[in-house]
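These are notes for a colleague who is meeting this structure for the first time. Please read the points below with the sequence and the model open beside them.

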Amino acid sequence: MALDSNRAKMPYLNKCSLIKQGAEARVYRGIFLGKPTIIKERFPKLYRHAVLDEKLTHRRTVQEVRSILRCRKAGISTPVVYFVDYTSHCIFLEDLVGSITVRDHIASSQESGQDPVCLSSLAEEMGKILAKMHDEDVVHGDLTTSNMLLRQGSEDAKPDLVLIDFGLSFTSALPEDKGVDLYVLEKAFLSTHPNTEQLFQRLLKSYTHASKKAPAVIKKLDEVRLRGRKRSMVG
Amino acid sequence: MQLTSTLELYPDYSVTQLLFKDVKNAAELRKNAMEGLVQGALINPSMIVDPFQILVASNKAIHLQKTGKMKTRSLFSEIIYNLSPTNNISEAFKRFGISDDDGAVYVVLVYPKEEAADISSIVSRVKGQQIPADMISTLTDAAKIKKLYKVSPQEETNGSLLDAVICRMAIKDVS
């Protein structure tokens, strides 16, 4: 029933194709103002009190677009935000047509036994971009190789690394938060891509080189590795 | 010559964009618009990078009108306001609306699809030469736009000026 009333609110989404459904939002692909577009819809959660739900959903939508703008201003590639609808909590984003996830890229490179030099330069690029992002005090909150895309620009140029899904992002200057960000990536990276310990070390090395604040973050990362992502063990 | 588009979110509406250069009666046009004789938004073309920018502003204006959240008094003034990176209404008009001595005018019409737009009346009112709307880039003042939207050189490494402008327009209410 809730789904129906929600659908009626945004008849446009019925014409788009649903590409992903998660606990927080649905992601559609469609055309907006003539351009290929990704629409992220944070649907109402019936298990929450309506007022609380509205507040949380609104705040997360705002947080997501703010982080995207902050990253873009710092020179980090992210999808362009075309339009935000705060009544149905939809974000309209640029669709990076023809891009592939870093996850797929690493997997296919490993499978085809391509020379590892190519992947290590990618890992270095990732480290550099994450350092830039953390220097802007943006903590992504959900770093995985699936949330990074490779966009092929002009033919011979190096593909551009684009960060996506800032749904869990927030701003923080604390090395603790940045350390956890890297820890989440490390866990995701090593579990999706077997035998990449060296590759991830490369990433961390380039992160350390690129950021002045890196030593404090890496120190926290070492702490977090020992205790896990949550600081408090109570409760 | 003019560019007419439909909006996917509001399929009942059409948006038509007309571009004029060598305009001699900007002051008169501005007066006409304020009196409601011209049912459209008159925009300073030097602040526009691409027709897409106008579509984003128009779509948002209709959205805000439908949800009762407009910041200005009419749909057309809301389009001009939406183009501006700041929340200052009079500044938005000053920068993005036309001034009495402007030599070029960008006209944006928004109307229900079943009604034909009164394009000929606009064309006859403007004393100037109509040129294709997608030639807007020849009139764009990129330096002025970069300054007003505060686009840094490092931001330009990862996208076009249009991308930077669109993002700021879309996010300005919460940034």
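1. In chain A, buried residues make up 49% of the 235 residues, where buried means under 20% relative accessible area, exposed means over 50%, and partly exposed lies in between (1.4 Å probe, protein chains only). This is a predicted model, in which local features need pLDDT of at least 70 and side-chain atom pairs count only at pLDDT 80 or more, while totals for chains, interfaces and linings use all residues. Residues are numbered from 1 along each chain as its sequence is written, chains are lettered from A and ligands numbered from 1 in the order in which they are written, and side-chain values use heavy atoms, with hydrogens and water left out.

2. Chain A has 8 helices and 10 strands, these being DSSP runs numbered from the N terminus (helices H or I, at least four residues; strands E, at least two). The radius of gyration of chain A is 19 Å, close to the 18 Å that the globule rule gives for 235 residues, so chain A is as compact as a globular protein of that length; the radius is taken over C-alpha atoms, and the rule is 2.2 Å times the number of residues to the power 0.38. Along the principal axes, the C-alpha atoms of chain A fill a box of roughly 50 × 50 × 30 Å. Of the contacts in chain A with a separation of 6 or more, 61% are accounted for by residues 24 or more positions apart, contact meaning heavy atoms within 4.5 Å.

3. Two packed helices are described by the angle between their axes and the distance between the axes. Helix α5 (residues 116–135) of chain A and helix α7 (residues 197–210) of chain A pack at an angle of about 40°, with their axes 7 Å apart; axes are lines fitted to C-alpha atoms, for helices over the stretch in contact, and angles run from 0 to 180 degrees between N-to-C directions. α5(A) and α7(A) are therefore oblique to each other, given that angles under 35 degrees count as roughly parallel, over 145 as roughly antiparallel, 65 to 115 as roughly perpendicular and the rest as oblique. The residues of this contact of α5(A) with α7(A) divide into 9 nonpolar, 4 polar and 4 charged, where Ala, Val, Leu, Ile, Met, Phe, Trp, Tyr, Cys and Pro count as nonpolar, Asp, Glu, Lys and Arg as charged, and the others, Gly among them, as polar.

4. D165(A) has a positive phi of about 55° although it is not a glycine. D165(A) lies in the loop between β9 (160–163) and β10 (170–171) of chain A, and is partly exposed, with a relative accessible area of 28%. In chain B, D22(B) is likewise a residue other than glycine with a positive phi, near 50°; D22(B) is placed in the loop between β2 (13–21) and α1 (26–35) of chain B and counts as partly exposed at 46% relative accessibility.

5. The secondary structure of chain B comes to 8 helices and 5 strands, which run β-β-α-β-α-α-α-β-α-β-α-α-α from the N terminus on. With a radius of gyration of 15 Å, close to the 16 Å that the globule rule gives for 175 residues, chain B is as compact as a globular protein of that length. Buried residues make up 53% of the 175 residues in chain B, and among its contacts between residues at least 6 apart in sequence, 74% join residues at least 24 apart.

6. Helix α3 (residues 75–83) of chain B deserves a look of its own. α3(B) is mostly covered, since 9 of its 9 residues are buried, and these buried residues pack against β3 (41–43), α2, α4 (89–96), β4 (105–112), α6 (142–149) and α8 (161–171) of chain B. The axes of helix α2 (residues 51–66) of chain B and α3(B) come within 8 Å and cross at roughly 125°, and the two helices are therefore oblique to each other. The residues of the contact of α2(B) with α3(B) divide into 8 nonpolar, 4 polar and 2 charged.

7. A117(B) is found in the loop between β4 and α5 (119–125) of chain B and is partly exposed, with a relative accessible area of 21%. Leaving aside neighbours within four places in sequence, A117(B) is in contact with L109(B) and Y111(B).
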